[in-house]
Amino acid sequence: MNLSQLILGSSSVARKNILNEMGFEFQVMTADIDERSIRRKDPDELVMLLAEAKADAIMSRMNISDYQKEGDQPTLLITSDIVVVHEGIIREKPSSKEEARQFLKGYSGGHVSTVGGVVVTNLTTGKKLGSLDKAEVYFHDIPDEIIENLIDEGVVFRVAGGLLLEHPLVLPFVEAVVGSSDSVMGLSKDLANKLIHEALLA
């Protein structure tokens, strides 16, 4: 793949791990946007808007002409966003212990959907490609003490819906995942690969 550079527009540890597992070398830049200022009732629309807003924010801080020299191999920027949908309601990062507790108790013995939007921007040509990926997670009953341990640990406040599929406390209570687990964790490998390949030709 003729790629001079890949930039991950996210500080998410899970997304970094996923790109590492895919064998990519990349640098990290963060968008630092106020995600809660962008509102949509439709989760599909919301995640695509947020992924694009992150790309725009990062590009606004770059000298794009540096990436547009003739003959250079393209530099790609990958941005994404994910929301959890539970009983038709969009769940973003919990803003309090009470909200995190309410989210996690709601998942116990039930199921949630995740909607992820991924945008890959070819900084050399300016072309943007984006797409959605969805998955569902079914849970066994989650004991209250596990929920309290997760809240005390604090990591639930950094992820959409407080949903940590890969966490050792959560994994035993995951009954099934329909779709890919990397998608639930914030970045579908299949979709990222597809968009990266297409963006190189764009």
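**Close-up views of a predicted model**

**View 1. The loop that holds D32.** In this predicted model, D32 lies in the loop that connects strand 2 (27–28) with helix 2 (43–60). The phi angle of D32 is near 50 degrees, a positive value in a residue other than glycine. Most residues other than glycine have a negative phi. Is D32 buried or exposed? D32 counts as exposed because its relative accessibility is 65%, and the cut-off for this class is over 50%.

**View 2. The loop that holds E87.** E87 is placed in the loop between strand 3 and strand 4 (89–91). Its phi is near 50 degrees, again positive in a residue other than glycine. With a relative accessible area of 70%, E87 is exposed.

View 3. Helix 4 spans residues 144–153, and its residues I146, I147, L150 and I151 are buried. Why do they lie on the same side of helix 4? They do so because they cover an arc of only 135 degrees around the axis. The exposed residues E145 and D152 are carried by the face turned away from the buried side of helix 4. Just after helix 4 comes G154, which takes a positive phi of about 90 degrees.

**View 4. The packing of helix 3 against helix 4.** Helix 3 (97–107) is the element against which the buried residues of helix 4 pack. On the helix 3 side, K97, A100, R101, L104 and K105 take part; they meet D144, I147, E148, L150, I151 and D152 in helix 4. The axes of the two helices come within 10 Å and cross at roughly 140 degrees. Helix 3 is therefore oblique to helix 4. The crossing of these helices is right-handed.

**View 5. The largest nonpolar core.** In soluble globular proteins, nonpolar side chains tend to be buried together. The largest nonpolar core of this model has 25 residues. Which of these residues touch the most other members? They are L104, Y107, V112, V137, F139 and L163. At least two residues of this core come from each of strand 3 (75–86), helix 3, strand 6 (128–139) and helix 4. Apart from its neighbours within four places in sequence, V137 is in contact with G110, H111, V112, L165, V174, A176, V177 and V184.

Conventions: Residues are numbered from 1 along each chain as its sequence is written. This is a predicted model: local features need pLDDT of at least 70, side-chain atom pairs count only at pLDDT 80 or more; totals for chains, interfaces and linings use all residues. Side-chain values use heavy atoms; hydrogens and water are left out. Buried means under 20% relative accessible area, exposed over 50%, partly exposed in between (1.4 Å probe, protein chains only). Helices (H or I, at least four residues) and strands (E, at least two) are DSSP runs, numbered from the N terminus. The arc is that of the directions from the helix axis to the C-beta atoms. Contact means heavy atoms within 4.5 Å. A nonpolar core is a set of buried Ala, Val, Leu, Ile, Met, Phe, Trp, Tyr and Cys residues joined through side-chain atoms within 4.5 Å. Axes are lines fitted to C-alpha atoms, for helices over the stretch in contact, and angles run from 0 to 180 degrees between N-to-C directions. Angles under 35 degrees count as roughly parallel, over 145 as roughly antiparallel, 65 to 115 as roughly perpendicular and the rest as oblique. A crossing is left-handed if the near helix is turned anticlockwise from the far one by less than a right angle, and right-handed if clockwise.
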